[in-house]
Amino acid sequence: MRFSTGQALSILLAAGATMSADAAGAQPSKDWPIHSVDRLKPRVVDPGPYTAPLPAPSDAIVLFDGRSLEGWRSESAANNPAPWRVVGGAMQVVPGSGGVATAGSYGDIQLHIEWMAPDPPARSGQDRGNSGVFLMGRYEVQVLDSYRNDTYADGQSGAIYGQYPPLVNANRPPGQWQTYDIVFRRPRFDAQGRLERPARMTVIHNGVLIQDAVELTGPTGHYERPPYEAHPDELPITLQDHGHPVRFRNMWLRRLEGVP
């Protein structure tokens, strides 16, 4: 299914209702070994061409304005500036420099982000245009050049990494801008640190619904599904350095704490 910008945002705002993975049409993560190559690959959907950047709403927090990395820090050393570059109005990964994190911390959010895989593409599988968007630094939406590029289903672009493949593969070719619109509901813990409600995510990729209010089994990981551990209600968003010069731009979010 494909949505206009207005429809996509309406669906994102309505994504508070919990749906099971079966209702969403996705295979529950617990039913497959992590990164199984036998898991059914999502069918390919042409999302149509990129048109124009989506303007930030009036109540949005702009994370990157296309000029300065002032709102970002080194992921490994929060007091150090972000080690990436600004190229043509985009934030570009400097391979080997490490990930970056927002200076601010966030919980429940609506997040818009645009990214571009390098063109021409190099190599294949997970070694092609790889990065990731980590909500609260723990819960990853995979960034990968998945255009005519085979890899395990729960590791292609738009996957909740290691848990849920996207419902469909809605990638544009490398060298073209891709959009993610994400509604993230953080996990809830009680006063003793016990999980009361798991994290939940809805993702629209290039106007196409690919994750429908899925409940995360815990933090995402490579060949592991770690359990939940209590953490603060707000934490930085991080972007991954996976050794590829992926670009990001037009990043903004809206806080959803207190919104049903």
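Me: Is Pro42 buried or exposed in this model?
Reply: The model is a predicted one. In it, Pro42 has a relative accessible area of 13%, and a residue counts as buried under 20%. Because 13% falls under that limit, Pro42 is buried.

Me: Where along the chain is Pro42 placed, and which residue is 4.6 Å from Pro42, C-alpha to C-alpha?
Reply: Pro42 belongs to the loop that connects helix H2 (21–24) with strand S1 (43–44). Setting aside residues up to four places away in sequence, Pro42 touches Ala153, Gln156, Pro165, Pro166, Leu167, Val168 and Asn169. One of these is 126 residues away in sequence but 4.6 Å away in space, C-alpha to C-alpha: Val168.

Me: Is Pro173 buried or partly exposed?
Reply: Pro173 sits in the loop between strand S10 (168–169) and S11. Its relative accessible area is 22%, while buried requires a value under 20% and exposed a value over 50%. Because 22% lies between these limits, Pro173 is partly exposed.

Me: What is the separation of the C-alpha atoms of Pro173 and Pro120?
Reply: Apart from neighbours within four places in sequence, Pro173 is in contact with Tyr147 and Gln178. Pro120 is 53 residues from Pro173 along the chain. The separation of their C-alpha atoms is 9.8 Å.

Me: Which backbone oxygen does the side chain of Gln126 reach?
Reply: Gln126 is located in the loop between strand S7 (109–116) and strand S8 (131–135), and Gln126 is buried, with a relative accessible area of 17%. Not counting residues up to four places away in sequence, Gln126 touches Gln142, Leu144, Thr151, Tyr152, Gly155, Tyr161, His242 and His244. At 3.0 Å, the side chain of Gln126 reaches the backbone oxygen of Gly155.

Me: Why is strand S14 described as largely enclosed by the rest of the structure?
Reply: Strand S14 covers residues 200–205. On one side, Arg200, Thr202 and Ile204 are buried, and on the other Met201, Val203 and His205 are buried, so both faces are covered. S14 is therefore largely enclosed, its count of buried residues being six of six.

Me: Which residue of S14 is the bridge partner of Asp181?
Reply: Strand S11 (residues 178–185) and S14 run antiparallel, joined by six bridges. Within S14, the bridge partner of Asp181 is Ile204.

Me: Which residue takes a positive phi in the hairpin of S14 and S15?
Reply: S14 also pairs with strand S15 (residues 208–215), in the antiparallel sense and over five bridges. In that pairing, Arg200 stands opposite Glu215. The hairpin has two residues between the strands, and the residue with a positive phi near 55 degrees is Asn206.

Me: Which strands stand at the edges of the open sheet of five strands?
Reply: The order of the sheet is S3-S6-S16-S8-S9, with antiparallel pairing. Two strands have a single partner strand each, so one side of each is left without a neighbour in the sheet. These edge strands are S3 (72–74) and S9 (139–143).

Me: What is the bridge partner of Arg73 in S6?
Reply: S3 pairs with strand S6 (residues 100–102) in the antiparallel sense, over three bridges. In S6, the partner of Arg73 is Ala101.

Me: Which residues does Phe248 contact beyond its neighbours within four places in sequence?
Reply: Beyond neighbours within four places in sequence, its contacts include Phe64, Trp84, Met91, Ile113, Trp177 and Leu239.

Me: How many residues apart in sequence are the parts tied together by the pair of Tyr139 and Tyr228?
Reply: The whole structure holds six aromatic pairs. The rings of Tyr139 and Tyr228 have centres 6.2 Å apart and planes at 40 degrees, so this pair is tilted. Both residues are buried, and together with Phe184 and Phe189 they form one aromatic cluster. Tyr139 lies in strand S9 and Tyr228 in the loop between S15 and strand S16 (238–239), so the pair ties together parts whose separation in sequence is 89 residues.

Conventions:
Residues numbered from 1 in each chain as written. Predicted model: local features only at pLDDT ≥ 70, side-chain atom pairs only at ≥ 80, totals over all residues. Heavy atoms only, no water. Buried < 20%, exposed > 50% of the residue type's maximum accessible area, 1.4 Å probe, protein only. Helix = DSSP H or I, 4+ residues; strand = E, 2+ residues; numbered from the N terminus. Pairing = 2+ DSSP bridges. Contact = heavy atoms within 4.5 Å. Polar contact = N/O pair within 3.5 Å; in protein donor to acceptor, adjacent residues only side chain to side chain. Phe/Tyr/Trp six-rings, centres within 6.5 Å; stacked < 30°, edge-to-face > 60°.
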